Amino acid sequence: MSRELASVDGPEPYKRRREVTVERLLDAALSTFADLGFQAARVEDICSRGGFTRGAFYSSFRTKDELFAALFEREMTARMALLEEQLTGVEEEDDPVAAAVERGLATYRQDRAWAVVYMEYALHASRHPEAVAALRRHMSRVIDRLTSLIENAVQRAGVNLTIPASQLARIVIGMMDGLALQEISTEGNGEVSGLHRPALLLMLRAVTSAPPAPPVPPHNAEGLS
């Protein structure tokens, strides 16, 4: 085989083509699951929406659950990376806690499609032991990542937590998931969307405290006499 052919058909171009295929399958899966539901959606529906054959699907994923795992990983990795970027420099703000809320909400994209897909899959997983075990593993990694971001942010800001960072991470995720569910059930009206900031701020104020002030050196009476 010539070098020219090797450069065209070698492993790198193939790897890139496969990555593009996977991304397009994930995009098609997200919209298909949101429109039809995870259980109702067929592999054929996903392939049709993405413009692929069943062979292309099964060359990348064995099952719909495996596809969802990849979709979950992509969505949450992107969100955590964006949150890390937004929290950079929060310690330089006058009120790091309020700034963390504002910056965090700036990264929180109310993606109705993903919220619907994730919550429906959680219900699906609750009835299927293998799926729930996989979902727990995925969420454990998300909580670990968010815990690390929280620990780094409070350390830089000189703020004390009154509860473990891992507990705070779970509370934040639970609060945001709950508000997202309310937005879905109320068709995204302003009453619910306006609750994100005050809810997060009240919660964070309740579990953070400023470090104690350094002790005041004793008055040196002799030096003033």
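The legends below describe close-up views of a predicted model. Local features need pLDDT of at least 70 and side-chain atom pairs count only at pLDDT 80 or more, while totals for chains, interfaces and linings use all residues. Residues are numbered from 1 along each chain as its sequence is written, and side-chain values use heavy atoms, without hydrogens and water.

View 1. A pocket is an open set of points on a 1 Å grid over the protein atoms alone, where a 1.4 Å probe fits, with protein on both sides within 12 Å along at least five of seven lines; lining residues have an atom within 4 Å of a point. Of the 14 lining residues, Thr63, Asp65, Glu66, Glu130 and Ala134 lie nearest the centre. α5 (64-87) and α8 (129-157) each supply at least two lining residues, and α8 gives the largest share, six. Helices are DSSP runs of H or I with at least four residues.

**View 2. The largest nonpolar core and Trp114.** This core has 57 residues, of which Phe33, Leu67, Phe68, Phe72, Trp114 and Leu146 touch the most other members. α8 contributes the most, nine residues. Core members are buried (under 20% relative accessible area, 1.4 Å probe, protein chains only) and joined through side-chain atoms within 4.5 Å. Beyond four places in sequence, Trp114 contacts (heavy atoms within 4.5 Å) Leu30, Phe68, Leu71, Phe72, Glu75, Met76 and Arg79.

Notes: Buried < 20%, exposed > 50% of the residue type's maximum accessible area, 1.4 Å probe, protein only.
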